Amino acid sequence: MASRRLPVYLLLDTSGSMKGEPIHAVNNGLQVLLSKLRQDPYALETVWISLITFDREVKQIVPLTDLESLLLPEVTTPDSGPTNMGAALELLLNVMRREVKTGAGDDKGDWRPLLFLMTDGKPSDLALFRSIVPKIRSYNFAMVVACAAGASAQDSFLKEITDTVVHLDTADSNTLTSFFKWVSASIGTGNQSVTSTEQLVLPPPPDEINMVI
Amino acid sequence: MERQQRRIYITQLLKQRSVDITEKQSALLEAYIDSEEVIEQCRLISVTTDTLVMNLQENIALSNIREKLLQLPNGTVDKPYTQTFSLTQYGLEKIASFTLQFPESLGINYDQQTGQISGVPLEQGEFRVRMFFKLTNQSDPEKTHEKEIAFVVNPDPKKLWRNIPSSADSIYWKPDEVKELTTMLGHKLAVASKRGRSHAHEGIFRDDDFEYFFDEQTGYALIAVADGAGSAQFSRKGSQLACEAVVNYFKQIPAEEYKQLDDVITAYHAQKDEASKNALNEFLTQRFSKAPFEAHQQIAAFAAELAKNSGKEVKLKEFATTILFVLLRKFDFGYSVMSFSVGDGGMGIYRRGEEVMMLGTPDGGEFAGQTRFLTMPEIFADTSFYKRIGFRIVQDFTAIVVMSDGITDPKFQTDANLARIEKWDELWDDLGGKNNDGAVVNFSHDNENTAAELLAWMDFWSPGNHDDRTIAILY
């Protein structure tokens with residue numbers, strides 16, 4: 001018998017500016033995230049992960065997959081190009097329509113999905129972004145966390161998506177690793193909040209992560 | 001090199017070096033091409049360029065292989081693992097031969113003959129499998145290259161769960177597990193409530209609760225089960241207050257009124273006439289809306305008191321809890337069962353192999369875990385409020401069961417299943433010993449250990465279902 005799933009969507013900026021150390025740090029961070037989650041029995045039994053990247057193109061590089069069998073591909077970035085965050089959110093809504101199960105009658109619903117979005121810039125496709133944001137806002141996520149990584153990441157756009165915006169001063173390996181560790185702890189809180197209609201309460205972030213109020 | 005090739009090669013070489021050849025010199029060149037010396041030199045050039053190109057190709061092939069992220073499908077500790085390993089599946093067609101070497105103590109091996117990777121992983125972790133290989137047509141046939149393949153072995157989630165006792169010094173502490181066995185209505189009531197693994201893992205509290213009473217004088221019995229919301233800070237207290245409030249409410253109803261109710265139910269059963277129907281409705285709409293409202297009010301008052309004493313804001317939703325309860329009475333013609341529910345979990349009157357009567361409909365949402373709570377003021381204003389109240393008369397039953405979603409989620413999976421007799425029969429068989437844990441609950445009336453057995457049974461394993469579990473069974 002399959003257990004209820006906790007869908008976790010990770011949207012990652014892979015635009016040209018992420019090339020070099022930042023994208024390397026993202027790959028390391030994702031490995032750390034998975035390693036941490038694998039040590040959490042609740043996550044191991046319930047968490048399903050999907051990875052969507054956005055640069056000039058938006059791609060779902062990992063369809064929603066259970067943590068136990070998930071194989072992480074290497075996340076790569078083109079040399080340059082725009083940050084199509086709006087298109088990524090649009091793709092997200094489309095894949096969720098297909099992948100996330102809602103309960104009714106004989107169907108067993110998933111837990112409410114979690115969304116983590118990370119960018120080092122701002123949406124290039126602003127018109128599309130603005131048209132999708134209300135749909136993200138009205139979707140019944142248990143939690144949406146947006147992360148602005150590095151000096152040129154702009155918090156204000158992320159604030160449109162969610163009230164929970166964190167800012168990382170740099171997009172280096174240490175900072176991103178601690179961000180992904182915190183993400184794993186946040187997913188773990190699903191643990192305590194199984195019967196909830198409220199937004200999840202996040203664990204206190206480490207020093208490298210600044211909550212944007 | 002053949003003569004023609006030599007000729008082309010030397011002509012091109014001369015052109016490349018900008019050496020012009022006249023008509024006259026051309027004959028000289030023709031003779032030169034056939035000289036022993038040139039034949040030998042051309043042979044050497046040919047060998048050298050062949051080697052050069054081959055080495056280059058080899059390096060490109062090697063670097064392509066080295067750049068590849070190779071990962072085996074994940075394994076899990078103690079779970080048999082079998083995979084067929086083929087070069088084409090990883091795009092490694094340039095490899096002529098290879099062997100795989102797994103870490104020695106891992107318990108996994110590669111069989112060269114069959115191409116199968118198999119074994120039972122003994123250890124969890126992120127491992128590197130070493131692949132030793134040779135390329136097709138490699139320059140040095142003796143040379144072996146090496147490449148690492150990532151292999152993740154997941155831990156067994158069962159072994160990761162910790163069991164940290166909750167701190168008895170904490171505010172509103174309650175025991176992590178409770179069991180009780182009592183007699184009522186000529187039946188036995190076994191109740192067990194156990195903290196879920198997800199709470200035990202964090203050392204936090206059991207948020208479920210229950211309460212019951214049986215009054216010999218009036219002949220009425222009440223069983224209440226409540227499930228505090230996992231996300232709410234003081235829900236363990238909320239569920240306790242809810243159960244206590246409901247029990248106290250029905251305890252304080254005067255014996256005289258219960259006596260009148262007896263007459264109403266008896267008349268209703270005999271005649272189903274308008275007068276008795278109205279009187280019955282009167283009781284249900286009055287008492288079964290006031291009792292939960294009273295419970296709501298008491299929790300609100302408790303929260304307000306806490307706010308006053310602590311000087312901090314305390315939200316009512318910090319005490320969020322569901323409540324399910326039944327009021328029971330035995331008559332000559334059978335049993336009257338009145339019920340109320342807000343939230344998830346389930347209640348039913350079960351007759352083995354025959355029928356189940358669901359009491360109330362669980363409040364569910366689009367997603368799992370979404371439900372409604374007694375602490376939400378809006379439920380009392382809702383037009384569908386009276387649907388929460390139920391009334392049944394049954395001749396007899398195998399069991400009357402009240403349970404939290406910690407039981408219904410793993411055992412019934414969907415709300416639709418709660419109405420299916422097959423699912424209830426499965427549950428009853430499961431309780432009777434048809435399970436993988438060897439747990440047996442003996443429901444004979446002279447068994448004094450029924451509640452203890454029920455508590456032990458409640459330790460059943462169900463992946464992803466680790467919420468608090470509470471079940472009350474009248475049998």
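Predicted model: local features only at pLDDT ≥ 70, side-chain atom pairs only at ≥ 80, totals over all residues.
S193(B) has T470(B) in β18(B) as its bridge partner. The strands around that pair are β9 (residues 187-194) and β18 (residues 469-474) of chain B, which run antiparallel and are joined by six bridges.

Now zoom out to the sheet they belong to. Six strands of chain B make an open sheet in the order β8-β9-β18-β17-β14-β15, and the pairing is antiparallel. At the edges you'll find β8 (177-184) and β15 (355-358) of chain B; each has a single partner strand, so one side of each has no neighbour in the sheet. Going from one strand to the next, the twist averages 15°. There's also a helix to look for here: α10 (residues 405-412) of chain B lies across β14 (346-351), β17 (399-403) and β18 of chain B. Relative to β18(B), helix α10(B) runs at about 90°.

## A second sheet, with mixed pairing

Chain B has another open sheet, built from four strands in the order β1-β7-β6-β3. Here the pairing is mixed. The edge strands are β1 (75-76) and β3 (95-101) of chain B, and each of them pairs on one side only.

Follow β3(B) to its partner and you reach β6 (residues 125-135) of chain B, with six bridges between the two in the antiparallel sense. Within this pair, T99(B) stands opposite F132(B) in β6(B).

Next, find β5 (residues 116-119) of chain B. Four bridges join β5(B) to β2 (residues 81-84) of chain B, and the two run antiparallel. T84(B) has Q116(B) in β5(B) as its bridge partner.

β5(B) also pairs with β4 (residues 108-111) of chain B, again in the antiparallel sense and over four bridges. In that pairing, I108(B) is opposite G119(B) in β5(B). The hairpin of β4(B) and β5(B) has four residues between its strands, and G115(B) takes a positive phi near 75° there.

## Helices crossing on α8

Time for some helix packing. Two packed helices are described by the angle between their axes and the distance between the axes. Take α7 (residues 255-271) and α8 (residues 274-310) of chain B: their axes come within 8 Å and cross at roughly 135°. α7(B) and α8(B) are therefore oblique to each other, and α7(B) passes α8(B) in a left-handed crossing. On the α7(B) side, the contact is made by L261(B), V264(B), I265(B), A267(B), Y268(B) and Q271(B).

α6(B) makes the contact through G238(B), L241(B), A242(B), A245(B), V246(B), Y249(B) and F250(B). On α8(B), the residues are A291(B), E294(B), A295(B), Q298(B), I299(B) and F302(B). By class, the contact of α6(B) with α8(B) has ten nonpolar, two polar and one charged residues.

## The two chains overall

Chain B has twelve helices and 18 strands. Its radius of gyration is 39 Å, well over the 23 Å that the globule rule gives for 475 residues, so chain B is more spread out than a compact globule. Taken along the principal axes, the C-alpha atoms of chain B fill a box of roughly 140 × 50 × 50 Å.

Chain A has six helices and seven strands, and along the sequence they follow the pattern β-α-α-β-β-α-β-α-β-α-β-α-β. The radius of gyration of chain A is 16 Å, close to the 17 Å from the globule rule for 213 residues, so chain A is as compact as a globular protein of that length. Its C-alpha trace spans about 50 × 35 × 35 Å along the principal axes.

## Where the chains touch

The contact takes 35 residues from chain A and 33 residues from chain B. On the chain A side, α1 (21-38) and α2 (41-46) each supply at least two residues. α2(A) gives the most to that side, with five residues. By class, the side of chain A that touches chain B has eight nonpolar, 16 polar and eleven charged residues.

How values were computed:
Residues numbered from 1 in each chain as written. Chains lettered and ligands numbered in written order. Contact = placed C-beta atoms within 7 Å. Nonpolar A, V, L, I, M, F, W, Y, C, P; charged D, E, K, R; others polar. Axes fitted to C-alpha atoms, helices over the stretch in contact; angles between N-to-C directions. Parallel < 35°, antiparallel > 145°, perpendicular 65-115°, else oblique. Left-handed = near helix turned anticlockwise from the far one by under 90°. Pairing = 2+ DSSP bridges. Rg over C-alpha atoms; globule rule 2.2 N^0.38 Å.
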